[in-house]
Amino acid sequence: MNLGEAKSHVRHAIGGYPSVAPGHTVAQRTVEVINHAGNYLYNRPWKFRESMAQLAVSKNNRVISLPKRYSELVSLTRTVDGEPVELATPEEMDQLVDATSGTTISGYLSRASVAYVGATPQMLVWPTPREDKTGVAKLRYRVAWDAVPDPDATGAWADSRGLEIPRYAEPLFIAYLRAFAQGYEDEGINQRLLAIDQGPIYQTVAMKDGIQSRDVGRLKPQRGRTFRR
């Protein structure tokens, strides 16, 4: 699905252009609806959101920059031996640094924590790296919704630009688009979203994506037969 198709679904849902608040244009309101629907879709831990990045460390710096669209951590493993890096809280990371008087320590990464500076996430690591090195850890993470920029500003997207939604999830995204578009007009957004999340469209997409398994009922006893996957 591209941006132009998403805009057409918004207009079709309400039979025209959405109402606007003072100081907003119709184009801005339409994009706002698309972004709200996209963010709501991306709140779920879909498999299609998962991505991977190789992290680099800098000498005497325990802060690692995370990918631009980082949203949630899935796993963090050391490249050198494939072992997972233990996750800790930012407070625990500070205590570890204080206990070592802030000096650098040689060795593999042992602990890590994600902390936010304002709205920007960053990763704290321990021990503090002794040298610059690339590819020290493999990060699996979920990406955030790629927000559509202000259509009236520089850098606006063309209608032909694709949105990062797999085909099997498009029906659910369209349902959310319609819910937000109609809900902002008649104040019924909560009921509409609840109905979608409990309905067959969501269930089908969840099973297709793999975050939810089909209910096959009570399993019968094997009675001596070998279990097969």
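Which residues line the second largest pocket? In this predicted model, the lining consists of Lys68, Arg69, Tyr70, Ser71, Ala144, Trp145 and Asp146.

## The second largest pocket

The space within the second largest pocket comes to about 170 Å³. Sorted by class, the lining residues are 3 nonpolar, 1 polar and 3 charged.

## Overall architecture

The protein contains 6 helices and 7 strands. Along the sequence, these elements follow the pattern α-α-β-β-β-β-α-β-β-β-α-α-α.

Of the 229 residues, 35% count as buried. Among contacts between residues at least 6 apart in sequence, 72% join residues at least 24 apart.

## Helix α2

Helix α2 covers residues 26–41. With 16 residues, α2 reaches 23 Å from its first C-alpha to its last, which is close to the 22 Å expected at 1.5 Å a residue.

The buried residues of α2 are Gln28, Arg29, Thr30, Val31, Val33, Ile34, Asn35, Ala37, Gly38 and Leu41. The elements that cover these buried residues include α1 (3–14) and α4.

## Arg29

Arg29 belongs to helix α2. Because its relative accessibility is 17%, Arg29 counts as buried, the cut-off for this class being under 20%.

The side chain of Arg29 forms a polar contact with the side chain of Glu32, at 2.3 Å. When residues up to four places away in sequence are not counted, Arg29 touches Pro18, Ser19, Val20 and Tyr184. Of these partners, Tyr184 falls within the range of α4 (170–186), and α4 is among the elements covering the buried residues of α2.

## Val148

Val148 is located in the loop between β7 (133–143) and α4 (170–186). Its relative accessibility is 5%, so Val148 counts as buried.

Leaving aside neighbours within four places in sequence, Val148 is in contact with Leu3, Val31, Ile34, Asn35, Trp157 and Leu163. Among these partners, Val31, Ile34 and Asn35 are listed with the buried residues of α2. The pair Val148 and Ile34 is 114 residues apart in sequence, yet the C-alpha to C-alpha separation is 7.8 Å. Another partner, Leu3, falls within the range of α1 (3–14), one of the elements that cover the buried residues of α2.

How values were computed
Residues numbered from 1 in each chain as written. Predicted model: local features only at pLDDT ≥ 70, side-chain atom pairs only at ≥ 80, totals over all residues. Heavy atoms only, no water. Helix = DSSP H or I, 4+ residues; strand = E, 2+ residues; numbered from the N terminus. Buried < 20%, exposed > 50% of the residue type's maximum accessible area, 1.4 Å probe, protein only. Polar contact = N/O pair within 3.5 Å; in protein donor to acceptor, adjacent residues only side chain to side chain. Contact = heavy atoms within 4.5 Å. 1 Å grid on protein atoms, 1.4 Å probe; cavity = no way out; pocket = protein on both sides within 12 Å on 5 of 7 lines; lining within 4 Å. Points joined across faces, edges and corners; volume = space filled by probe spheres on them. Nonpolar A, V, L, I, M, F, W, Y, C, P; charged D, E, K, R; others polar. Expected span 1.5 Å × (residues − 1).
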